[in-house]
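This report describes how parts of one protein chain are brought together. Please view the sequence and the structure before reading on.

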Amino acid sequence: MDRNILRACREDPRRISTDIQVSVTSPNEPVPSRRTIRRRLQVAGLHGRRPVKKPLVSLKNRKARVEWAEQHLSWGPREWANHIWSDESKFNLFGTDSIQWIRRPIGSRYAPQYQCPTVKHEGGSVMVWGCFSDTSMGSLKRIVGTMDRYVYEDILENTMRPWARANLGQSWVFQHDNDAKHTSGHVANWFRRRRVDLLKWPSQSPDLNPIEHMWEELERRLKGVRASNANQKFAQLEAAWKSIPMTVVQTLLDSMPRRCQAVIDAKGYPNKY
């Protein structure tokens, strides 16, 4: 019975004790209680934990991630100077998304089988676009409604480009991920017309983008701060964004060699970043 309980959990770490109880019960054996099942799993080192939510990465993209990380592993402040990091993120108005738990051995937090694949922007209340470079925090732009290629082009033309020219001059490199609206022909034409250099970016690589941790920093600064509506929430986000010191930016950029090494060590799978 012990072996069957452990086997059922290892086959599917997301199984709850009720499902395991059903799968291991046979007509000629007593039915183990759910409490017994949980206790036996804990004794075996399989503790109920909240899974790390990381994107599901294909083999092709894992290889591309490792290749990119190897190419940029030795880059330092000089190479990353005048690079603009950008992304969109959503912030809940009334708390965080629901929690899912998973059983896993201690020390296996980032093992692929114990991660929960996610899709970006599953609902939410306030969506924003932001960017920063090694010398300046960019603007935070609220996105109302659906962000398509035309909305994105408007952000590039009227928010990102004026800020970049004012703070970085004529020479800079822009980074964004491979979202469909980012890579559409309409937006690609804008980059060609404006002669903007783009940083080649591997798909499914939020762990390589330091702006992901900037979003976490922004959320930490608003922890416990309530908002009664979306307008108030954005005002809070914008004020907190402007208050982030450049020491935070430098810390994030200094982490790039470690991010690259983590991708290489994980063979392209998501990692602690």
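## Aromatic rings and packed helices

Trp-68, Trp-75, Trp-80, Trp-85 and Trp-201 are linked into a cluster by ring pairs. Rings of Phe, Tyr and Trp (its six-membered ring) pair if their centres lie within 6.5 Å; planes under 30 degrees apart count as stacked, over 60 as edge-to-face and the rest as tilted. The model is a predicted one, in which local features need pLDDT of at least 70 and side-chain atom pairs count only at pLDDT 80 or more, while totals for chains, interfaces and linings use all residues. Residues are numbered from 1 along each chain as its sequence is written, and side-chain values use heavy atoms, with hydrogens and water left out.

The protein contains 11 helices and 9 strands. These are DSSP runs, numbered from the N terminus, with at least four residues for helices (H or I) and at least two for strands (E). Of the 273 residues, 44% are buried; buried means under 20% relative accessible area, exposed over 50%, and partly exposed in between (1.4 Å probe, protein chains only).

In total, the structure holds 9 aromatic pairs. Two of them are set out below.

| Pair | Distance between ring centres | Angle between planes | Class |
|---|---|---|---|
| Phe-91 and Trp-215 | 6.0 Å | 70° | edge-to-face |
| Phe-174 and Phe-191 | 5.8 Å | 35° | tilted |

Phe-91 belongs to strand S3 (residues 83-91) and Trp-215 to helix H8, so their pair ties together parts that are 124 residues apart in sequence. Phe-91 is buried at 3% relative accessibility, and Trp-215 is buried at 4%. The pair of Phe-174, in strand S8 (residues 173-175), and Phe-191, in helix H7 (residues 185-194), links parts of the chain 17 residues apart. Phe-174 has a relative accessible area of 0% and is buried; Phe-191, at 5%, is buried as well.

Helix H8 (residues 211-221) also packs with helix H10 (residues 246-254), at an angle of about 145° and with the axes 11 Å apart. The axes are lines fitted to C-alpha atoms over the stretch in contact, and angles run from 0 to 180 degrees between N-to-C directions. H8 contributes His-213, Met-214, Glu-217 and Arg-221 to the contact, and H10 contributes Val-248, Val-249 and Leu-252. Contact here means heavy atoms within 4.5 Å.
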